[in-house]
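Dear colleague,

I am handing over a structure that you have not worked with before, and my notes on it follow below. Please read them with the sequence and the model open beside you.

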There are 2 protein chains.
Amino acid sequence: MAQTNGCPDCQRINEVLSRVGDRWSVLIVISLAQYGVLRFNELKRHLGISQRMLSLTLREMERDGLVSRTYYPTIPPKVEYALTPLGDSFREPVTAIGLWALENLPNIDSARARYDEDAEKEPKSA
Amino acid sequence: MAQTNGCPDCQRINEVLSRVGDRWSVLIVISLAQYGVLRFNELKRHLGISQRMLSLTLREMERDGLVSRTYYPTIPPKVEYALTPLGDSFREPVTAIGLWALENLPNIDSARARYDEDAEKEPKSA
DNA sequence: CTGCATCCGCCACGATACTG
DNA sequence: CAGTATCGTGGCGGATGCAG
């Protein structure tokens with residue numbers, strides 16, 4: 001285990017991140033923010049996520065009060081998911097991350113290419 | 001793999017998140033943002049992370065151009081890590097998430113408690 | 001002190017099949 | 001369509017040992 005943790009903030013941030021910081025939660029928030037309301041399979045297709053993870057993630061998010069679940073007991077069942085106010089407030093920082101990600105992917109890629117090239121050229125010598 | 005992913009944005013965001021979205025990267029960014037420059041063991045102690053993960057994460061982050069590594073070939077070796085401009089730009093959205101997290105942890109907790117209580121009361125009946 | 005390599009447990013996640 | 005249950009695997013992440 002890891003201890004000697006001298007940074008309580010890190011612990012708490014870590015805690016929250018392990019709750020809502022996973023990639024699927026983030027993508028679900030983004031999707032719902034874009035479309036407002038989505039059905040189970042719409043989300044599934046949109047995100048390219050397995051049913052299992054989608055189901056689990058949605059339940060956790062519902063539990064955490066980030067999304068609302070509306071079940072229509074029709075013959076072909078229909079369930080709609082949407083952001084709650086809390087989820088909507090989460091949308092803002094998440095969007096910031098998303099935008100940063102989209103903007104800086106090229107930077108990361110080029111930094112990587114550079115790093116790899118250098119590493120290849122200088123495996124030893126000066 | 002599984003997809004039929006109809007959302008290219010999700011793919012790209014996903015991609016970036018799998019690069020810099022892990023918990024250790026985030027915490028390292030936060031730490032470096034706070035202290036400016038930190039040595040290997042300082043980070044290790046501060047975060048409560050194993051050497052292995054710290055080493056791996058730092059190398060990845062250096063590769064991705066998020067942190068800079070300065071090696072002093074003194075007799076007791078000394079290595080300093082700091083944020084690059086790219087890493088620093090990442091700090092902003094990360095901080096936004098961090099703040100939101102700290103503010104809304106109580107909300108999530110209470111939402112959870114409510115959810116769990118309801119689920120306990122209605123495991124079956126109407 | 002800084003770091004890499006190895007071994008290994010653990011669980012997160014995906015694939016599949018089944019129910020309502 | 002929406003979801004659960006089961007199983008198998010990859011890899012995350014910790015512990016240890018070694019090297020410069």
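This is a predicted model: local features need pLDDT of at least 70, side-chain atom pairs count only at pLDDT 80 or more; totals for chains, interfaces and linings use all residues.

W100(A) and F90(B) are both buried, a word used here for residues under 20% relative accessible area, whereas exposed stands for over 50% and partly exposed for what lies in between, with a 1.4 Å probe and protein chains only. Their rings form an aromatic pair that is tilted, at 4.3 Å centre to centre and with 40° between the planes.

Residues are numbered from 1 along each chain as its sequence is written, chains are lettered from A and ligands numbered from 1 in the order in which they are written, and side-chain values use heavy atoms, with hydrogens and water left out.

The count of aromatic pairs over all chains is two. In the pair made by F90(A) and W100(B), the ring centres are 4.2 Å apart and the planes stand at 40°, so this pair is tilted. It too crosses between chains, running from F90(A) in helix α5 of chain A to W100(B) in helix α5 of chain B, and both F90(A) and W100(B) are buried.

As for the fold, chain A has five helices and three strands, where helices (H or I, at least four residues) and strands (E, at least two) are DSSP runs numbered from the N terminus. Along the sequence these elements follow the pattern α-α-β-α-α-β-β-α. Of the 126 residues in chain A, 41% are buried.

In strand β1 of chain A, which covers residues 37-39, you will find R39(A), and this residue is partly exposed, with a relative accessible area of 34%. Leaving aside neighbours within four places in sequence, R39(A) is in contact (heavy atoms within 4.5 Å) with P77(A), K78(A), V79(A) and E80(A).

N14(A), placed in helix α1 of chain A, is buried, with a relative accessible area of 17%. Not counting residues up to four places away in sequence, N14(A) touches R23(B), W24(B) and L27(B).

Lastly, the largest pocket holds about 390 Å³ of space. A pocket here is an open set of points on a 1 Å grid over the protein atoms alone, where a 1.4 Å probe fits, with protein on both sides within 12 Å along at least five of seven lines, and lining residues have an atom within 4 Å of a point. Among the 19 residues that line this pocket, the closest to its centre are L17(A), G21(A), L17(B), G21(B) and V26(B). Helices α1, α2 and α5 of chain A, together with α1, α2 and α5 of chain B, are the elements that give two or more residues to the lining.

With best regards

Notes. Grid points are joined across faces, edges and corners, and a volume is the space filled by probe spheres set on the points. Rings of Phe, Tyr and Trp (its six-membered ring) pair if their centres lie within 6.5 Å; planes under 30 degrees apart count as stacked, over 60 as edge-to-face and the rest as tilted.
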